[in-house]
Amino acid sequence: MRRYLIWTIVIWLISNLFVVGYGLQWFPLGLVSFAVLVLIILAGAFKHPREFFWLFLALLPLENIIIPPEQIPFALRPFQLVGGILLIVLLSSALWRNKKNKFKLLRPSLPSLALFRMEKIPTKDNQVYLNPIDRLVLLLGVASLIGAQFAPNVGNSLKLSLVLFSFLGLYWLARNFTRTPKQLLENIWFFFVGIDAVLFFGLYQFIASKFGWLSFQVMDKRINSTFTEPDWLGMYLVFTLALILGFKYALKLLRKDSSCLGKKIERLTELRIANWSGLKIFQFLLNILVFFVVTELVLTVSRSAWLGVIVILLIYVIIVFLKEGWKNSLQTILFAGIKIGIILTLLNIFGLSDFHLGNRVASSTSGLQKITISCQKNINKQNINAGDKIASIQELSNYGCHHINLEDIEFEKQNGGIIKEVYRPDPSIIIRKDIYKKSWREIKKNWLFGQGLGSSGIFLGKDSLGHNLNSSNIFLEVLISMGIAGLAIFILILMTPFVVGLKMLQLTSKKYSNLSQANQQISKPREIVGVFFLLTFFAILIPNLFNTGFLIAFFWAWLAMVMSYLSIS
């Protein structure tokens, strides 16, 4: 336990130091500083490879911090730097049989009639091989290279394919460092250690925008924390919330039988501080974490993330209902509603959001966005009434009005402005519809192999920030980039956690009740894993129906953890 405590503190400090350094604009580093950092990580990774892999997991959310100096022609984020060095350490330790780091690397198996079969492939040696889904992940990289040959800009598409292969390398890294259930639990814990840095910087951005400080926001009044977009932060927070709900479900089982997850966990649950048991302490910490996660989810103003929260809460309630009955499921709904209600009430009472949050939700179905306008009295202009609908903001000049932000209301009143609220067609919905039409038109041009990664940005154009647009749907993006062949592979990979999660849960209580007491004891950990698989699957799926989080590090780390468990079990 002492080792875990020390490394938890060290890794927490390092991850937060990176974020503080980003806020103080230390990055990118100078050439000498970067070289020193690389040498320190290299020495540390050779000495403590597993502990530096834990650091790698904690650094996964730091997507917008670029470390290398301008003289180096490629961008590296903290997790890519640590992960890349760990790959070097892994390969060298396997090739030279270093006694301290000795273990056999995962390798692809020989010919593959077993591609879609999950059972072990018999081998004559003790070599560990990739499982069938692992090999599909590698085939996805091959599909991106094939699609790049048909790209409008072959060079750019090949570069993005190399980026994809770098993520596949990190996937392979995570698979090699997750060989036992103990290692899997360690990895989940240190992934959680990195959440604090994201939440702290998100809160800083919110406070900074209120006081007019440098906030590092990429979109006005929407926090993005350590990610490059608010929607990507929303995706990460939904995923974090899914993990928290998984832990809450595990606590439910532990309260009934503290020995169901083994003697070590049982000893932790028996730990007492004052009158608080280990279970109560952990439950309290999870509730605090939920408060901050949900608060920042609201502040991202990401409707796809909000929908993701609704879906995973619904899945969680269904699981509780099937396992524990309607009484506990209603209790779950009530507590979740109270927590979300308190957060929304605080945000509204203290004016902590600069958005019409209710209208942000309603506009998803109505297609209309409420905006605040300021008008001047002018007898020569036609009047506009509150609640009227306009075709565009440009139309406001006909009425002697202009669009304003919520924080500008008092200033406009002092200058004689008449404040009103009117409706316009939601521009994000209009843009999304146009994107879908253009995407389908391009898909027809090469539906089998696609047009390579990054091609969607060429025909969809750029957004207001100058970034290339994508198809706003991960399946459409894969179809455009890799064709129907790549999409089929991707769906097979993505559906694995869902299918296996359903199997592990044993959703029919009749089947569970027929098990012997010993088998019921074995099934409880699998039940918890099944809950984790289902909740995290929907946490990844739902936001990506409206985004393209294909090249986000924690997505590939999650996939590696899932495949590792399948190999372990």
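Is Lys445 buried or exposed?

Mentor: Lys445 is exposed, because its relative accessibility is 60%. Keep the cut-offs in mind: buried is under 20% relative accessible area, exposed is over 50%, and partly exposed is in between, with a 1.4 Å probe and protein chains only. A word on the source: this is a predicted model, where local features need pLDDT of at least 70 and side-chain atom pairs count only at pLDDT 80 or more, while totals for chains, interfaces and linings use all residues. Residues are numbered from 1 along each chain as its sequence is written, and side-chain values use heavy atoms, with hydrogens and water left out.

Now look at the partner. Lys445 pairs with Glu442 in a salt bridge. The term means a side-chain nitrogen of Lys or Arg within 4 Å of a carboxyl oxygen of Asp or Glu. Here the closest N and O atoms are 3.0 Å apart. Glu442 is buried, because its relative accessible area is 9%. Side chains of opposite charge can pair when their charged atoms come close.

Now the other bridges. The whole structure holds eight salt bridges. One of them joins the side chains of Arg3 and Glu51, at 2.8 Å from N to O. This pair links distant parts of the chain: Arg3 sits in helix H1, Glu51 in helix H3, and 48 residues separate them. Helices (H or I, at least four residues) and strands (E, at least two) are DSSP runs, numbered from the N terminus. Arg3 is partly exposed, because its relative accessible area is 36%. Glu51 counts as buried, because its figure is 8%.

Follow each end of that bridge. H1 covers residues 2–23. Its 22 residues reach 32 Å from first C-alpha to last, close to the expected 32 Å. The expected span is 1.5 Å times one less than the number of residues. Buried residues of H1 include Trp7, Ile11, Phe18 and Tyr22. Just after H1, Gln25 takes a positive phi of about 60°. The other end is H3, residues 49–58. There, 10 of the 10 residues are buried, so H3 is largely enclosed by the rest of the structure. Among them are Arg50, Glu51 and Trp54.

The side chains of Glu63 and Arg77 meet at 3.8 Å, N to O. This pair also links distant parts of the chain: both residues lie in the loop between H3 and helix H4 (78–95), 14 residues apart. Glu63 is buried, because its relative accessible area is 3%. Arg77 is partly exposed, because its value is 21%.

Lys252 is found in helix H9, residues 230–256. Lys252 is buried, because its relative accessible area is 15%. Leaving out residues up to four places away in sequence, Lys252 touches Tyr316, Val320, Glu324 and Thr332. Contact means heavy atoms within 4.5 Å. Asp134 lies in helix H5. Asp134 counts as buried, because its relative accessibility is 1%. Beyond its neighbours within four places, Asp134 is in contact with Tyr171, Arg175 and Met563. In sequence, Asp134 and Ile493 are 359 residues apart, yet their C-alpha atoms are 8.6 Å apart in space.

There is also a covalent link. A search of the whole structure finds one disulfide. A disulfide is a pair of cysteine sulfur atoms within 2.5 Å. Cys375 and Cys401 form it, with sulfur atoms 2.0 Å apart. The pair links distant parts of the chain: Cys375 in strand S3 (residues 368–375) and Cys401 in strand S4 (residues 401–404), 26 residues apart. Both cysteines are buried.

Finally, step back to the whole. The protein has 21 helices and five strands. Of its 569 residues, 50% count as buried.
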